[in-house]
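Colleague: May we go through this structure together, one question at a time?

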Amino acid sequence: MSATPITKLPAASTGTGDSRQEEPEGNALLTLDHVTKAFTGKDGSPLEILHPTTLNIGHGERIAIVGPSGSGKSTLLSLLGTLDMPTSGTLRYDGENVAAMGERRRSELRAERIGFVFQQFHLIATVSALENVMTGLQYTDLPRRERRERAAEALEQVGLGERLHHRPSQLSGGEQQRVAIARALAKQPDIIFADEPTGALDTDTGHAIIELLLRAADQGASLVVVTHDPNIAARFPRRLHIQDGMVTELDEGGVRHA
Ligand SMILES: Nc1ncnc2c1ncn2[C@@H]1O[C@H](COP(=O)(O)OP(=O)(O)OP(=O)(O)O)[C@@H](O)[C@H]1O
Ligand SMILES: [Mg+2]
């Protein structure tokens, strides 16, 4: 037993309480150390959209990000997913400083280890579900046959084993989002980022999509979902709230903590 309880560490960190105490950051998949993001305002001066943010995301952790429109949720997700770079501070992925990686290494990281799911599905309209999922693997060096097998397995996993050859227009919105989730899962990613994945779906379909993401993450991936829906956020063991670029942790009762 450790003498000092550490309550804010990722729930899914491996090891005993003692080892967590020694190397909490070493166990995290993503660490942010005073990370900020600024854009150039209309008058040309810098506008800080994300204020200094320090947090860890553990392996296998499930996190919901909530907050009003324009508060910085997608901005934070882009930084976490290495799609955009911090203006200041340090972002580490598995201990490696993302700013020091170079764009090529970052694209490899995204292609091979990070899954993305968006509100508008972002599927290719002219090809089948199977080929859409295979595009998620196109930058890996897996042979085509294996990409095809993995894609079919991922579609099976999201309940679309009977729809491999349907095009997006032949699928419902919920099914299209399942294809997008299968595309993320086929990589067997370290982490899945989903920005309002239920935003274009009705309530019941949206909830089914969240349950699917949570189940998929059971296989070991971390999961970070942006949502406006408090009922969806309540399904996540950890919730972050953003308002005007300030990130706080919500406790079980929904109270904010700095
Ligand atoms: N590339 C950019 N250049 C300038 N300002 C930007 C840029 N991207 C985002 N912003 C601004 O940053 C703020 C946060 O935007 P962001 O998209 O992160 O909000 P959000 O919380 O995801 O909102 P929503 O719930 O509407 O999706 C907004 O004021 C937005 O206008
Ligand atoms: Mg957004």
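Modeller: A polar contact is a pair of N or O atoms within 3.5 Å; within protein, one must be able to donate a hydrogen and the other to accept it, and residues adjacent in sequence count only if both atoms are side-chain atoms. The model is predicted: local features need pLDDT of at least 70, side-chain atom pairs count only at pLDDT 80 or more, and totals for chains, interfaces and linings use all residues. Residues are numbered from 1 along each chain as written, chains are lettered from A and ligands numbered from 1 in written order, and side-chain values use heavy atoms, without hydrogens and water.

Colleague: Which residue has a side-chain N or O atom 2.7 Å from an oxygen atom of ligand 1?

Modeller: Backbone atoms also approach ligand 1: one of Ser 71 lies 3.2 Å from a ligand oxygen, and a polar one of Gly 72 is 3.0 Å from a ligand oxygen. The side chain at 2.7 Å belongs to Lys 73.

Colleague: How is helix H7 oriented relative to helix H8, roughly parallel or roughly antiparallel?

Modeller: H7 (residues 173-185) and H8 (residues 203-217) pack at about 15 degrees, with axes 10 Å apart. Angles under 35 degrees count as roughly parallel and over 145 as roughly antiparallel. Therefore H7 and H8 are roughly parallel.

Definitions and conventions. Axes fitted to C-alpha atoms, helices over the stretch in contact; angles between N-to-C directions. Helix = DSSP H or I, 4+ residues; strand = E, 2+ residues; numbered from the N terminus. Parallel < 35°, antiparallel > 145°, perpendicular 65-115°, else oblique.
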